[in-house]
Amino acid sequence: MTAAPTRRPGGRHRKPPPGRHRLRKDRRSGQYSVAQFAFGVNLVGNGIGGVGLPLFVLDATNDIAFTGIIVTVAVISSIGTGLFMGPVIDRFGMRASWIFSISIGSAITVLMYTLHLAGMLPAWLLLALCFVRAAADEPGRVATFGLLPALAESSGHSLERANATLRAMNAIATMASPILVGAIVSLFGSATILLVDAIAGALAAVIVIFFLVRAVEQVPADEQQEEETEEFDRLGYRQRFVAAVKFFWGDKLLRVVIIATTVFSGLDTGLASIGLTAYANEVLGSVAWYGGLVGAFGVGSLIGTIGYGVLGPRLPRRGAYLTAYTGMALLLLLLAVQTDVPIALAIMAVAGVVTSPVDLLFMQALQERVPKAMFGGVTSIATTIVSGPSPIAVSLLTWLLATMGSHHTFVVIGSCYLLLALSLFLVRPLRQL
């Protein structure tokens, strides 16, 4: 559609200068590319830090039990921050929250590296710094998804493509991180992992500060959005938190999607960890095949994510959502009745392709339905709720594996998955997708 010409006093029309809108669109498209590049650099750093931190702790302390405590404390810190930091993110804005999160995380990582080299990093201080480092990551993750809608809209990209691009970069970083960490440790030692993580975060922050101007938050808002923002800005922390909880619980679609994602996420976490480990050992004959199963799923997920970024705007969302869960249930049942390694790897690759739209649709529902003024609060609470029951699911699956064995456990889990997936066909709010 052609833009309407501006009107001069007296009724005469003045056309915009030739090429003006094209230049503005190109500039915003460039900002989108810069932002995605910065996000990608930070994801690589996070991937290296996530894989390499336990190696560094074990190398520095020579204590496997303390390494486990560090990982546990980091998870607890991330959950706590995700649950309670949302209103703070909304108060200061997505761009400022993202820069603050990345900068604090990089500074703490540099501090750990420096203290380690100086021999001044006792176990208690390492534990405290890891706790704060993990707490600093969560606001940046939420702010990343909060920035994407404005970036996509201003540059003319679909939200499906923007989310899929970010998710694909995360998948690539996740798959490449173990290889990069192995090379870094073998060449320079485990402490260098901290330095690489910090440099990646600092570089991403510099890119956003100097090359991505405030235009990411300057997409014109309509009158209703401006009124909502002004009203929300007058609220205190407690009122913001309560308003965020009331919003997602009052929105029927978000409530259904969050509950469904929580249940399936618990099952997926258990399967991806202890479930596939036991399956590789008992069914495929060697625990070494666990890496192959996870790798095949990762490759399939990357392919599916890229494909959804291209085809997503033309696909029915509810159909993609229901197909993903139903398809995964059938693939789990198929995995339970066969013992050939090539078939198992192929099943996992197909599972990665089939389930790739789920996380994208979950985040897109939040991005499209939650007002910008409370996006941080609603999204941080929702994602924390989704990840909360995972330890319980892992414990339950471990008990099932010990009691029934891998074959029967996968039949039970696959059947439960299928019943839950089929029940979603009857849920009316999902039609709003």
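Biologist: What makes the crossing in which helix 5 passes helix 14 right-handed?

Modeller: Helix 5 passes helix 14 in a right-handed crossing, a term used when the near helix is turned clockwise from the far one by less than a right angle, whereas anticlockwise gives left-handed. Helices (H or I, at least four residues) and strands (E, at least two) are DSSP runs, numbered from the N terminus. The model is predicted, so local features need pLDDT of at least 70 and side-chain atom pairs count only at pLDDT 80 or more, while totals for chains, interfaces and linings use all residues. Residues are numbered from 1 along each chain as its sequence is written, and side-chain values use heavy atoms, with hydrogens and water left out.

Biologist: How do you know which residues of helix 5 and helix 14 make the contact?

Modeller: Contact means heavy atoms within 4.5 Å. E138, R141, V142, F145 and G146 of helix 5 make the contact with F375, G376, T379, S380 and T383 of helix 14. These divide into three nonpolar, five polar and two charged residues; Ala, Val, Leu, Ile, Met, Phe, Trp, Tyr, Cys and Pro count as nonpolar, Asp, Glu, Lys and Arg as charged, and the others, Gly among them, as polar.

Biologist: Why are helix 12 and helix 13 called roughly antiparallel?

Modeller: The axes of helix 12 (residues 317–336) and helix 13 (residues 341–369) cross at roughly 150 degrees and come within 9 Å. Axes are lines fitted to C-alpha atoms, for helices over the stretch in contact, with angles from 0 to 180 degrees between N-to-C directions. Angles over 145 degrees count as roughly antiparallel, under 35 as roughly parallel, 65 to 115 as roughly perpendicular and the rest as oblique. Helix 12 and helix 13 are therefore roughly antiparallel to each other. Their crossing is left-handed.

Biologist: What makes helix 10 oblique to helix 15?

Modeller: Helix 10 (residues 252–282) and helix 15 (residues 390–423) pack at about 120 degrees, with axes 9 Å apart. That angle makes helix 10 oblique to helix 15. Helix 10 passes helix 15 in a left-handed crossing, and the residues of this contact comprise 17 nonpolar, 10 polar and two charged.

Biologist: Which residues have the most contacts inside the largest nonpolar core, and what makes it a core?

Modeller: A nonpolar core is a set of buried Ala, Val, Leu, Ile, Met, Phe, Trp, Tyr and Cys residues joined through side-chain atoms within 4.5 Å. Buried means under 20% relative accessible area, exposed over 50%, and partly exposed in between (1.4 Å probe, protein chains only). The largest such core has 87 residues, with the most contacts made by W98, Y321, L366 and L430. Helix 10 gives the largest share of this core, 13 residues. Leaving aside residues up to four places away in sequence, L430 touches L253, V256, V257, R318, Y321, L322 and L424.

Biologist: Why does K246 count as exposed?

Modeller: The relative accessibility of K246 is 62%, so K246 counts as exposed. K246 lies in helix 9 (residues 237–250). K246 and V378, 132 residues apart in sequence, are 9.1 Å apart in space, C-alpha to C-alpha.

Biologist: How do you know that N62 is exposed?

Modeller: N62 has a relative accessible area of 70% and is therefore exposed. N62 is found in the loop between helix 1 (20–61) and helix 2 (64–84). Its phi is near 55 degrees, a positive value in a residue other than glycine.
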